[in-house]
Amino acid sequence: MTYSITLNVNGVEYPLEVDAHASLLNTVRDQVGLTGSKEGCDDSECGACMMLIDGRPVNSCSYLAVQANGSQVTTVEGLTNTDDLAPLQEAFLVEGGVQCGFCTPGMLISATALLESNPDPTSDEVRIGLSGNLCRCTGYDGIVKAVLKVAEARSGN
Amino acid sequence: MTIAPERKPFIRPDGKEKVTGLGRYTADLNLTGQAFARFKYADHPHARIVRIDTAAARALPGVFAVLTHADVPDVLYGGMVEDRRLFAKEKVRWEGDVVAAVAARTAEIAAEAVRLIEVEYEVLEPLPDFAANMEPGATLVHEAWEGYEADDSLDRNQNILGHSSIVKGDADGAMESAEVVVKSRFVSDASQGAPIEPRAILAQWQGDRVTIWSSTQVPFAARSGVAHTLQIPESHVRVIVPLLGGGFGSKCDFHFEAHVAALARATRRPVKLVFSRQEEFFAPDHRREGMIIELETGATRDGRLVSRRGRLILDKGAYCGEGGFFAQMAAMHACGPYKLDNVNVEAFLNYSTNQPSSSVRAPTAPQTCWALEQHMDEVAMAIGMDPVELRRRALIEEGAEGPAGQIFDRIGAKETLEAALEMIGYGQELPEDEAIGVACGWWPSFGSQSGAYVKLNGDGTGTIITGAMESGTGAVMGLPLLAAEVLGMKPEDFSILYQDTDAGPWDMGSSGSQTTFNNGRAVIEAAREVREKLLDLAAAELEANRDDLELVDGEVRVKGSPGTSVTIVDLAETGETIIGKGSGDVPEAPEVDASACVGRLGMESFLAPQLITHAARIKLDRATGVVRVLEFAAAHDSGVIINRMGADGQVYGGVMMGIGQALSEATWFDDDGRQRNPGLLDYKLQTVSDGPKIDIRWIEIDTPGAGPKGSKGVGEPPSVPTPGAIGNAIAKLIGGPVRRLPMTPERVWETMNGDGEV
């Protein structure tokens, strides 16, 4: 059985027909065609699929597309609408927070949500806030530095 | 001699597509009309196949093809031993053996078809005990082992796939007369590379040629494997690697490309395979090998190591794959970077019906180093010497003799030790539940053929066309730094065409920490050829002697007369073909007289070795056995560092992987050899909140035989001594080493409250 739903992904409305069991991740990747969000485990363990639903971070692999009907969904592709990178994206590159890049989309979404809820986090708060996202390459060092750097720059403003 | 080249921050050229989510990994690709593949795996770890019935699966609506061994050429493949088929034929030898493959309209239909495949087995006793498998009379994993094509140097015998020894002098005699003798036994579990990207493959035929997009670290090896197993010319196979989501060795070797190519040929459609996380754990013939490590050292009371004996048994699992060299590599790591007067270390690489082991980041080294370094601390304790002082006396240095007689040139072993001690504050007063452990290790550089082209574009930019592979380390991303320096251009002036076997020259791929070492050499040579052409063109243009010219800031100019110049843009936009190619001379490991050693595979001496000391400050909860790493110091001699951000990134990541291997990461097998924890909830990677502060220092020794600009490898060494350093810290707190790896809370607690033997 399929359902008619509407997803607003990164500011664009997509009317979709989805199976009852379709995950938000697969729907966005296969039907909307935005493949930035990754499937690393399909079990809410790695965080590579993280999206914002109405501003709240979720593992989209374990979230049904029908649950997101009518919601505002933000994926990594929606973090900037111009050719300029968002401050977190820029900081990830400058601080060495990106190697293979597979965890990066989910990590950026979690970091975005973290800074929304806690604009001036301590290093420990960043580490706790990102602990649902696994990275095998970077040892997390550059990622933590990048988030702290963006927070610092914002509070400086 | 130390060198401190000028360094600038370096932003990786593939960075923007990665942070915007617009970069494509293999699973992100789709082709119109594609079918989806699923595999039927063995139902038993060890069984004889009596009958395979695919009729019901083929009859399921939406199924396009079901393949078994009968549908592909009957050929064996493998690295140093050809012992495997694409599809199991007479026997299955491990739970991940592929019995059949399905392509269907959707992945769900393919999965349903897999369930409909009927296989009748004669179930055999599993053979998971890799040590017992070498006993006389043990059941053979491969009955036909003698007839396999294999490297003659392996010293094979029945279930022993490889046997190597490192022998020097008279270890037995020296042991008898040693003032102090210490014996230790350690057991290490298997662990996994566990990249965050599960592997994916997409294949499409055009006439007799197939293009395969694959998440492989070694596209040229994948191409060879497809050509060999499907019996088609290599030139008919093109392997393209989109962005690769990490590998850590586990995506080395030819794996499933031929299965998917065969399905695509049978269905006359593109076929796509994407692994689940569970498959990524159990199905690749790739994991870090479990080991039993017995070490014995004879020493004088003033810290001279007069004899080392060792016996190592490694779990090869069901098939050779690319890991045939592990016995000799492990034997070298059981010697370590130490001056040893007499040596006799034997290593056995044994078949079992477990998942095959193959390269994972510094194969055999972390667990062997973990055992050796804890053993070294036991030796120090036995002679009443601080373990750091023992290492000061025993570590190799320029002029020292290696385990099989190699005489070392300039290397920074002792410098890494002192740097790590200084960073961690060795000797400081610590709370009673904290301790500092120190471990040293080493890893060789690998010389290999490699090639590159450099061409100039009409707008004065350059393109590097390379066979090298970027797994995320940044090694390929760093190649423009080398070309730019030769040509007086900026690194950002270069684009890179890579990971396409039809474009770049042959390369061994992203393995062995050797991309910069070998492909860097090729890029420099190719850029030099371009430089010669630019000098010729500029000499004619400027009517100057080419010997008087230099390339600086994007132009060719007369030395001492900067006004007399022509820009590279002006020279390139004429349409002149300006292209250079390079491969360079492959450096070789030093010759040694290792005639007393058996199973010689070329690692009895180490080319331009990389030296490492790690120091860990840990905290132990005595009630639970939980260990937390509070602070970590990593000092590395990797030669001259070309890209500091990239090199640091390898250490941060490698140390975290090493902490995982030390404390939490293990593949647990049940009694039959099936994985009990093929998922990220039960196979525990370190998270960001587990991470300690990590300090890094590079000891930039100019080692003879090193690669471009004096560089050595960087990628694998950071995970080598990490478990050993943590182990030595734990041992200080509980009075002796935890003899099983990983050192989980249960094992730490049991060691505290038991005799600690294994």
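This is a predicted model: local features need pLDDT of at least 70, side-chain atom pairs count only at pLDDT 80 or more; totals for chains, interfaces and linings use all residues.
Axes here are lines fitted to C-alpha atoms, for helices over the stretch in contact, and the angles between them run from 0 to 180 degrees between N-to-C directions.

Helix α12 (residues 479-487) of chain B and helix α13 (residues 515-542) of chain B have axes that come within 9 Å and cross at roughly 30 degrees. Angles under 35 degrees count as roughly parallel, and α12(B) and α13(B) are therefore roughly parallel to each other. The crossing in which α12(B) passes α13(B) is right-handed. On the α12(B) side the residues in the contact are B:Leu479, B:Leu482, B:Ala483, B:Val486 and B:Leu487. They meet B:Asn519, B:Gly520, B:Val523, B:Ile524, B:Ala527, B:Arg528, B:Val530 and B:Arg531 in α13(B). Sorted by class, this contact has nine nonpolar, two polar and two charged residues.

From α9(B) the contact takes B:Pro366, B:Cys369, B:Trp370, B:Glu373, B:Gln374 and B:Asp377. From α16(B) it takes B:Thr722, B:Pro723, B:Gly724, B:Gly727, B:Asn728 and B:Ala731. The residues of the contact between α9(B) and α16(B) divide into five nonpolar, five polar and two charged.

Two local backbone features of chain B lie in loops. Most residues other than glycine have a negative phi, and most peptide bonds are trans. B:Thr364 has a positive phi, near 75 degrees, and is found in the loop between β15 (343-351) and α9 (365-383) of chain B. The peptide bond that joins B:Leu741 and B:Pro742 is cis, with omega about 0 degrees. B:Pro742 has its place in the loop between β27 (740-741) and α17 (745-753) of chain B.

Chain B also contains an open sheet of four strands, in the order β16-β24-β25-β26, with mixed pairing. At its edges are β16 (434-445) and β26 (693-698) of chain B, each of which pairs on one side only. From one strand to the next the twist averages 20 degrees. Within this sheet, strand β24 (residues 607-621) and strand β25 (residues 626-637) of chain B run antiparallel and are joined by eleven bridges. One position along this pair is B:His614, which stands opposite B:Ala634 in β25(B).

Chain A has five helices and five strands. Read from the N terminus on, its elements run β-β-α-β-β-β-α-α-α-α. The C-alpha atoms of chain A fill a box of roughly 50 × 30 × 25 Å along the principal axes. For 157 residues, a compact globule would have a radius of gyration near 15 Å, and the 15 Å of chain A agrees with that.

Strand β1 (residues 2-9) and strand β2 (residues 12-19) of chain A run antiparallel, and eight bridges join them. The hairpin of β1(A) and β2(A) has two residues between the strands, and in it A:Asn10 takes a positive phi near 55 degrees. β1(A) also pairs with strand β5 (residues 72-74) of chain A, in the parallel sense and over two bridges. In that pairing, A:Asn8 stands opposite A:Gln72 in β5(A).

What remains is how the two chains meet. In chain B, 47 residues are in contact with 43 residues of chain A. On the side of chain B that touches chain A, the elements that give two or more residues are α1 (15-20) and α15 (644-663) of chain B. α15(B) provides the largest share of that side, eight residues. By class, the residues on the side of chain B that touches chain A divide into 22 nonpolar, 17 polar and eight charged.

Key
Residues are numbered from 1 along each chain as its sequence is written. Chains are lettered from A and ligands numbered from 1 in the order in which they are written. Two strands pair if DSSP finds at least two bridges between them. Two residues are in contact if their C-beta atoms, placed from the backbone, lie within 7 Å. Ala, Val, Leu, Ile, Met, Phe, Trp, Tyr, Cys and Pro count as nonpolar, Asp, Glu, Lys and Arg as charged, and the others, Gly among them, as polar. Angles under 35 degrees count as roughly parallel, over 145 as roughly antiparallel, 65 to 115 as roughly perpendicular and the rest as oblique. A crossing is left-handed if the near helix is turned anticlockwise from the far one by less than a right angle, and right-handed if clockwise. The radius of gyration is taken over C-alpha atoms; the globule rule is 2.2 Å times the number of residues to the power 0.38.
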